Amino acid sequence: MRFLLCGQGTSEILWSIQAALVDLGHESVLALPDISQDVLDRRIDALFVLNLFEIPRPTVEMLRGYIAQFGGQPGKGPAIVHICLKHPLEEIGAGTAEQIRAADRWMADNSVSMWCMCRGSAEQAVRLGLSRVFHEPLGVHRWICTAPAADDSVDLYKRWMAPDTPGLQRHPYAAMKGPSDHMAETSARDRVLYLGQGWPDHLESGREPVSPAIQRDAEAVAATMMEQPALHRVQAMDKCGLAGHSVDPAWTLEFNRAFTIAFAVENRRRFAIALRHGLGEGFALWGNGWERFGLDAGPVSAAPRNAYHSAAACLDFGSLAYDTAIFPRTLEIVKRNGLLVSWRHADTAQLFGACEDALTFTGEDDALRLLSALSTDADHRARLRSAHLDHCFDALALTAILPRVIARVRG
């Protein structure tokens, strides 16, 4: 099959998908940062797209119609897989049942499916009437593919690649370096590193405050999930008696906004404060919004990612968008050979396997104990890193996940 990968956002996701598709025997192209004419004039069976719903719908329809003239299923354009980086309801921008129905009809008419990396969010979206949403973990791949360019450089983008492409090369994912910052990379070396926002201003910017009733609902669900980490949000909502509300899109949008702060932001706050006090300068914190909690942090920067492999541990307290441990930042740490240590929640068992007890924590004291021990034992860290990376590249292999995704969208 032939796949076009495009869109705007976390392009590292597409690097891995493209290389995995090539290793599965397909032909694919990274059409980034935009789609140029030279990659389009051929049969294309499916698109993987980031932030599809930021593209005007007539533009998507026009693109599918143009591609359809080059072959594929008779009378049909290519299938489209939209990779959700936010909650599906927020992706489509729908606040009413009719808007959801209209979006669902448009997706069905244009063969659009939504790949949601979070099981709880996917189930919540289906309850709301989005029939085109499915869940699969995002997955990892060890390699990135390039091919030789005419000027003796290498092509990563806008070059169709297949297993038999002349000069095709596979590079270790970790060889891909972002912008360099010596201070940032040095500060992360042999320290416990956390890279992420402390307070997400975009959640409240220009919006009315969440109603007190929904705020209480969000806090109740968050408390339930903190006490029972194996639950995802829909399971916790049901335990809190909120199943009836969960089919109301307006309630869901307001609930999700409050829940992000009550759950994800609260976890970041409590763990970051505890580790700053307990580890002192052994804790490297980067990102905006931490001053709200009285914590000094380095500025927003992608540079510390270059040092994931040299940090004593790379932390995760949870995604702002989802209640899953398997999302782009955690997978970036794995693909860059870092030692991932996480707060234990719904799917850490899948992410860590036999290493779960050694690399996850449930509370502030537990986090401090675990990280203090890891910080002083480099040999133990090396053994855990090796075992965990082997588990991830097996249990979350994109070469196993993508055939399921492809079969779903073709069916």
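Predicted model: local features only at pLDDT ≥ 70, side-chain atom pairs only at ≥ 80, totals over all residues.

Biologist: Where is arginine 305 placed, and which residues is it in contact with, leaving aside neighbours within four places in sequence?

Modeller: Arginine 305 sits in the loop between β11 (283-286) and β12 (313-316). With those sequence neighbours left aside, the contacts of arginine 305 are Glu12, Leu195, Glu332 and Arg336.

Biologist: How do strands of a sheet pair, and what is the order of the strands in the open sheet of 6?

Modeller: In general, pairing goes through backbone hydrogen bonds, and it is either parallel or antiparallel. Here the order of the 6 strands is β2-β1-β3-β4-β5-β6, and the pairing is parallel. The edges are β2 (27-30) and β6 (133-135); each has a single partner strand, so one side of each is left without a neighbour in the sheet. From one strand to the next, the twist averages 25 degrees.

Biologist: How many bridges join β1 to β2, and which residue in β2 stands opposite leucine 5?

Modeller: Strand β1 (residues 2-7) runs parallel to β2 and is joined to it by 4 bridges. Opposite leucine 5 is leucine 30 in β2.

Biologist: Which strands does helix α15 touch?

Modeller: Helix α15 (residues 398-410) packs on this sheet and touches β1, β3 (46-50), β4 (79-83), β5 (112-116) and β6. The directions of α15 and β5 make an angle of about 150 degrees.

Biologist: What is the order of the open sheet of 5 strands?

Modeller: That sheet reads β11-β10-β12-β13-β14, with parallel pairing. Its edges are β11 and β14 (360-361), each with a single partner strand, so one side of each lacks a neighbour in the sheet. Strand β13 (residues 340-343) pairs with β14 over 2 bridges in the parallel sense, and tryptophan 343 stands opposite phenylalanine 361 of β14.

Biologist: Which members of the largest nonpolar core touch the most other members?

Modeller: They are Leu4, Ile17, Phe48, Trp115, Leu315, Val341 and Leu371, out of 133 residues in that core. Helix α9 (residues 249-279) gives the largest share, 12 residues. Take leucine 371 as a case: beyond four places in sequence, its contacts are Val192, Leu275, Leu279, Ala313, Leu315 and Val341. Another core, of 6 residues, lies apart from the largest one; its members include Ala19, Val22, Ala147 and Leu168.

Key: Residues numbered from 1 in each chain as written. Heavy atoms only, no water. Pairing = 2+ DSSP bridges. Axes fitted to C-alpha atoms, helices over the stretch in contact; angles between N-to-C directions. Contact = heavy atoms within 4.5 Å. Core = buried A, V, L, I, M, F, W, Y, C linked by side-chain atoms within 4.5 Å. Buried < 20%, exposed > 50% of the residue type's maximum accessible area, 1.4 Å probe, protein only.
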